[in-house]
Amino acid sequence: MWNSDNPFLNGNYAPWREEGDAFDLEVEGEIPRELNGALYRIGPNPHFKPRGRYHWFDGDGMVHGFILKDGRAAYRNRYVKTDGLRAEMSAGKALFGGLLDQPTEMPQDLPPFKNAANTNIIGYANRLLALYEASSPHELKPVTLETVGIFNFADKLAGPMTAHPKFDPANGDLLFFGYQPFPPYVTWYRADCGGNLIESRPIDTGLPVMMHDFIATDDYAIFFVCPSVFRIENAAAGKPIMAWEPELGTRIGAMNRKTGELKWWQAEPFFVFHFLNAYEENGSLIVDGCRMSALDMTGNEFGNPPLPWRWTLNLGNGGSLKSEQVDDVSAEFPRLDERLAGKKHRYGYFAAFRGDDDGGFGFNCVVKRDCVAGGTEYQDLGGNKAPGEPVFVPRTSGSPEDDGWVLSVWYDPAMDSSELLIQDSRDFSGKPIARIKTPHRVPFGFHGNWVPAE
Ligand SMILES: [Fe+2]
């Protein structure tokens, strides 16, 4: 697309630029009638030809809604109409640059960076929020996917918000942080389930780093300060503003959620995009996530396959740190039965790659890992079909862990088409129970969530 050799503008990374609605999608198998709600997914989808070097993280957010009701499926997709995208639509061309290429001259009335609203979408306080870690959330209407505008907790959210907030299963509180390249580098936030921001606390991490995710237990919020460092001063010299500085190592901080007290561990350099979960056991914090040995943000090669790791952080005086790789199959986009957020979990669901290492974020199967007994189950559709992040939906609110469905969107390169796969989680490697055909391909995106109908 656009005659570019950039891999993130070609194949199924290339944008789908039409918005639309489709009803009574073709279904192979049967959609469980208990699945009553919508899977919303979001990803980068540049509306105009990028004006400089394009990075995967730059594209305009497009929301894909898969609406399931009474065993039937509908689909709707819309751009998040950010101010930046609206300005570009008025101009009829791209105005903003991106991570790799900032234009030297911007129109006076525009901010220097676009809020791309492309990373995650959650249901929160009867709203949909499209999230982008460098800026504020956008609110969308759940049914129509119409963009309402910026949502900043009644002006109480002063800075950016991570795209990976967590819900506290005890009370529905939204736990999150924001990071920025100047002090305070990280701010911790808590909002109640009604949309009210009730706690803000700056955290001294000592270093301006890119921090994509965090993880929380009942009592702690855990931050990994990986050495992907903002060096804003590089911009003047025309160099990338993100630098990998392995000599700094990775520092792991656990904040006591009641007192704000921080405890730190020092580790070797590595990078984590996403965590599966964390919990407290026998005086330690157990953290599961996907680790890359390094991160290169200077181009479109991330450089290292992500692998599932576990960190055990001893909370005692002089507490030790144990790090271990728990699987040798490259896996990312870890998801949990989120009723267990912050508590001991057994299972994790990932997009994964089996075979010769593709070195990045191309996947050919989804996996379910047993984090207690070990072992992995696979779902592979063959034919180089490629899945995105798998989302777990419990059968009922009271059913046990892993009793439910796993939903994932797959791309078939031979047919240039996509489908929504529904698996019975307890028969993970078995025949999927439904394959829902979308009216056109759905570009590879980042994250999504299931929002049950009222
Ligand atoms: Fe993410």
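Mentor: Let's start with E19, which is partly exposed at a relative accessible area of 36%. Buried means under 20% relative accessible area, exposed over 50%, and partly exposed in between, using a 1.4 Å probe and protein chains only. Keep in mind that this is a predicted model: local features need pLDDT of at least 70, side-chain atom pairs count only at pLDDT 80 or more, and totals for chains, interfaces and linings use all residues. Residues are numbered from 1 along each chain as its sequence is written, and side-chain values use heavy atoms, with hydrogens and water left out.

Trainee: Which side chain meets E19 in a salt bridge?

Mentor: The general idea is that side chains of opposite charge can pair when their charged atoms come close. The cut-off for a salt bridge is a side-chain nitrogen of Lys or Arg within 4 Å of a carboxyl oxygen of Asp or Glu. Here the partner of E19 is K81, at 2.9 Å from N to O. K81 sits in the loop between β5 (72-79) and α1 (83-91), while E19 is in the segment before β1 (20-22), so the pair ties together parts 62 residues apart in sequence. Helices (H or I, at least four residues) and strands (E, at least two) are DSSP runs, numbered from the N terminus. K81 is partly exposed too, at 21% relative accessibility.

Trainee: How many salt bridges does the structure hold?

Mentor: There are 35. Another one joins D218 and K343, at 3.0 Å from N to O. D218 is in the loop between β14 (215-216) and β15 (220-225) and K343 in the loop between β24 (330-335) and β25 (347-353), so this pair links parts 125 residues apart in sequence. D218 is partly exposed at 41%, and K343 is partly exposed at 31%.

Trainee: And is R335 buried or exposed?

Mentor: R335 is buried, with a relative accessible area of 10%. Its salt-bridge partner E338, 2.9 Å away from N to O, is partly exposed at 39%. Elsewhere, salt bridges that share partners join E28, E419, R435 and K437 into one network.
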